[in-house]
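Please read them alongside the sequence and the coordinates.

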Number of protein chains: 2
Amino acid sequence: MSGPVEKEDVVSTSSSYEPAARGAADLAAVAVLLQIGAELGVDRFLDSGDGFTAGQAADAAGLPAGGVEEYLRALVAADLAVADAAGRYRAAADYADRRYEAGYVSWAMSANYPFVEHARSFLTDPAGAAGAHPRDGRRVAVSSRWVGERAFYPGVFEYVSESGARRITDLGAGAGGLLIRLLLQDPARSGVALDISSAACDAAREAAARAGVADRLEVTERPIESLVEDPGPVDGAEAVQACFVMHDVVADEPLFAKLLGTCREALAPGGFLAVVDAVSYAPDPAERRFSALFTYLHANFMDIALPAEEQWLEKFRAAGFSSVRCLPQPMPGSRLFVAAK
Amino acid sequence: MSGPVEKEDVVSTSSSYEPAARGAADLAAVAVLLQIGAELGVDRFLDSGDGFTAGQAADAAGLPAGGVEEYLRALVAADLAVADAAGRYRAAADYADRRYEAGYVSWAMSANYPFVEHARSFLTDPAGAAGAHPRDGRRVAVSSRWVGERAFYPGVFEYVSESGARRITDLGAGAGGLLIRLLLQDPARSGVALDISSAACDAAREAAARAGVADRLEVTERPIESLVEDPGPVDGAEAVQACFVMHDVVADEPLFAKLLGTCREALAPGGFLAVVDAVSYAPDPAERRFSALFTYLHANFMDIALPAEEQWLEKFRAAGFSSVRCLPQPMPGSRLFVAAK
């Protein structure tokens, strides 16, 4: 037998990759390692940026220290954490950048995994599948936060902050993070946090208390469509902000028109509505892939038909707002629509 | 209220992204869209490179045509497929490149999702969790193929092909793809495909029949460790190849030493053993992230402790092979070890 099986000694060379493939392998690994951290409850230690021991994280998470230590060693091997000589770990300097990128994978694959795993059921019996295979709210919230902290919350925060608005209502406020940051920035500000989820409302009340702004934050557990009957939570607001919540009601055209009209009328003079949401199938090369996934999953797995950019704009205009602006945000397909009273 | 809420008309500018973040969003979207294709059974139409209608794919997959059409439209929007005027779809020109990159995400997040989803259980009760939350064999096989077609199968194929070996045994042959390609390349070649899975053995027999090489391929349903008692399947082989199967038995040092010794003795004069497998925590910056995930998951979720590169080499040397080479492969942390009789 001939061939290249030479009788030389050990040869070990370093690997070479196509750059895109290396990026893919790196991102896949980072996303799964960080998602596991979120599952274990070790993410808040990493997020803090402070040093901690495996024992501290294990105690807080109610897990065996050995297993948490193994996990943290893997993070160090992956350049996501550093360990000092005393056995204390902390997140690597670029941890927040890596977490942002990982957020896209965690949202796309992990938060939506029930859709992926049961894709055939969703195509054959969408209503039945939606009932049987719901997403996990915590996984959706965590991955949305990882993306949103860089890719859509800053746009709303900066806009509302710079507007000088003092009375702010957040529709679909979740745990109240964005609104509380705005209250912390200016002691003259007060806010109303509206959410349909009682767990989210509880979390918002607790977060407001921790931040020392409980006296300036009213939390109300309601669906946004209830504003049509009782606009109390938006009455007199100088800014009404809504992140990825309007798409839940946008398909019901008469209702959405009424909701926008209610908000416009209730706003204080000079007030505005700041809506962050996604457009259907954004065509730009920089956006088209992620926007395609986002649009497709919402339409076929969540029964949410997103409007195109121009359709969103037309809805705000038709509700009588005096001007409407569309500000693209870093998350592909996302837009900040600002509609002035 | 003062601020930047100008009374100008609609402003819409194109988005700007940090390049890494755009790459992350793109890769996340591509991976989930292709994984959904694999779940739906539409992947083989895309893989073929040929044109097809939504109806054809839907009929073959046993799914409603409307739902498959929606999926294919999303692929077109994401630049992963093209549609012609007659409503026929085909994969985009760079589909195979994108599928390779997506494979890392699909393996890391989708194939391993039971580990991610139940990470806490694996840390508290590894044995119980392993029994309760097994991976889906099809998802593991599909994502491994997407990666392997570019990142480790070509290395083995080329090495064995160029060696001129005519009698080839594949340990852990799965559906026999690699071995059948080698048989198709040279009509003088014959092979033995060994696998522990009866489903894999059935698939290998069917694939061999389809490829017209059934008369030159023997399929045997056995665990690799059985070779120690009965080396028949490797007896007289000029090449014995084994892709990511040796790590299943490497932790049992006496058994693995016996297995290597058995292979060495059974090989024809001038024959060799070609083992593709992963090393523990590869330190190179180009490999460390994915290698960390791969190593960590195997050790903590699959009870497989990978040897370091030098430990693998030492095991081959100790079994009496006359030379051992280590050839890094494109998948981070993977190596082709070639041990000559």
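1. In what follows, Lys and Arg count as positive and Asp and Glu as negative, while His and the chain ends are not counted. On that basis, chain A carries 31 positive and 47 negative side chains. The centres of these two sets lie 3 Å apart. The model is a predicted one, and the values below are computed from it.

2. The overall description of chain A is as follows. Chain A contains 15 helices and 10 strands, and its C-alpha atoms fill a box of roughly 85 × 50 × 40 Å along the principal axes. The accessible surface of chain A comes to about 12,800 Å²; carbon and sulfur atoms account for 49% of that area. Of the 341 residues in chain A, 57% count as buried. When contacts in chain A between residues at least 6 apart in sequence are considered, 68% of them join residues at least 24 apart.

3. Charge also deserves a comment at the surface. A patch of negative charge is formed there by A:Glu117, A:Asp136, B:Glu117 and B:Asp136. Within chain B, B:Asp136 belongs to the loop between α8 (126–132) and α9 (137–151). Is B:Asp136 buried or partly exposed? Buried would require under 20% relative accessible area and exposed over 50%; B:Asp136 has a relative accessible area of 30%, so the residue is partly exposed.

4. Helix α10 of chain A, residues 153–163, presents a series of buried residues: A:Gly155, A:Val156, A:Phe157, A:Tyr159, A:Val160, A:Ser161 and A:Ser163. Which elements do the buried residues of α10(A) pack against? Their partners in chain A include the strands β4 (167–171), β7 (239–243), β8 (272–278), β9 (323–328) and β10 (334–340), together with the helix α11 (177–185). Just after α10(A), A:Gly164 adopts a positive phi of about 80°.

5. A further point concerns A:Arg264, which is located in helix α13 (residues 253–266) of chain A. A:Arg264 has a relative accessibility of 22% and therefore counts as partly exposed. Which residues does A:Arg264 contact, leaving aside its neighbours within four places in sequence? They are A:Ala319, A:Gly320, A:Phe321 and A:Lys341. For A:Gly320, the C-alpha to C-alpha distance from A:Arg264 is 7.6 Å, although the two residues are 56 residues apart in sequence.

Technical notes: Residues numbered from 1 in each chain as written. Chains lettered and ligands numbered in written order. Predicted model: local features only at pLDDT ≥ 70, side-chain atom pairs only at ≥ 80, totals over all residues. Heavy atoms only, no water. Patch = residues over 30% accessible without salt bridge, like charges linked within 9 Å, V, L, I, M, F, W, Y side chains within 5 Å. Areas by Shrake-Rupley, 256 points an atom, 1.4 Å probe, with all protein chains shown as cover. Salt bridge = Lys/Arg side-chain N within 4 Å of Asp/Glu carboxyl O. Charge placed at Lys NZ, Arg CZ, Asp CG, Glu CD. Helix = DSSP H or I, 4+ residues; strand = E, 2+ residues; numbered from the N terminus. Buried < 20%, exposed > 50% of the residue type's maximum accessible area, 1.4 Å probe, protein only. Contact = heavy atoms within 4.5 Å.
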